[in-house]
Amino acid sequence: DLRGIARDAGLPTHDKKDSTGICFIGERDFREFLGRYLPARTGDMRDPSGQKIGEHPGVFYFTLGQREGLQIGGVRGRAAAPWYVVGKDVAHNVLYVDQDTASPYLHSTTLWSETAHWVEGRPPADTFECTAQTRYRQLDEPCRVEVAIDGGLEVRFQRPQRAVTPGQSVVLYQGDVCLGGAVIARTDAPLELKLAEQAA
């Protein structure tokens, strides 16, 4: 593994703790940092059926699949199980939550992206098969990619993917070779499709 190679090479960082934060903000509270640039607006937390579960301090502070920081106590008639973010309706300031880590509202099989950027300056073909990652440290997932006329991508995975998040990136690989990537624009997650239909 990479740490073993670094250790054998005598690098002092071989056992340094992994960084999973945002390096450019330094050692500071993430919510406090965002609050300087994004106005915090308290809003409803609802389950996928629309029932109010609680309130949130601002949808921008949360990401899909997140469990920490929701501060949902006991809810009458609900199991004492953890809650997860399964959707965000930014226009109406609503955060959607569900208690199942395998919630169908967290899963999607297709994503559409903004204009892709290619390592070699162009895609390998208009339609091709490869693997993709949509999250940090994710295993490569087999998929089929179609490149649209505007340069955006339609990426169809062989199996459902958890917490694919608009605004984050999809990165494409052929074996160990990085082909390129793009910012995710939308997915076919059930709640996202429902919110899009309501907005139309």
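The sulfur of C130 lies 3.8 Å from the closest cysteine sulfur, that of C143, which is too far for a bond. A disulfide needs the two sulfur atoms within 2.5 Å, and the count in this predicted model comes to zero disulfides.

**Cysteines**
- C143 is in no disulfide, and the nearest cysteine sulfur to its own is that of C130, 3.8 Å away.
- C130 is buried, with a relative accessible area of 8%.
- C143 also counts as buried, at 4% relative accessibility.

**Nonpolar cores**
- The largest nonpolar core has 20 residues, and those with the most contacts inside it are L70, I72, W83, L95 and V97.
- Two or more residues of this core come from each of β3 (84-89), β4 (94-98) and α3 (190-199).
- The element that gives the most to this core is β4, with four residues.
- Domain 1 (38-98) and domain 2 (104-199) each supply at least three residues to this core.
- Beyond its neighbours within four places in sequence, V97 is in contact with residues including M45, I53, L70, I72, W83 and V86.
- The contacts of V97 also include R46, D47 and P48.
- Another core, of 17 residues, lies apart from the largest one, and F128, L153, V155 and A182 are among its residues.

**A buried loop residue**
- T165 lies in the loop between β9 (153-162) and β10 (169-174).
- T165 is buried, with a relative accessible area of 8%.
- Leaving aside neighbours within four places in sequence, T165 is in contact with T63, L64 and I184.

Definitions and conventions:
Residues are numbered from 1 along each chain as its sequence is written. This is a predicted model: local features need pLDDT of at least 70, side-chain atom pairs count only at pLDDT 80 or more; totals for chains, interfaces and linings use all residues. Side-chain values use heavy atoms; hydrogens and water are left out. Buried means under 20% relative accessible area, exposed over 50%, partly exposed in between (1.4 Å probe, protein chains only). Contact means heavy atoms within 4.5 Å. A nonpolar core is a set of buried Ala, Val, Leu, Ile, Met, Phe, Trp, Tyr and Cys residues joined through side-chain atoms within 4.5 Å. Domain bounds come from an automatic or database domain assignment.
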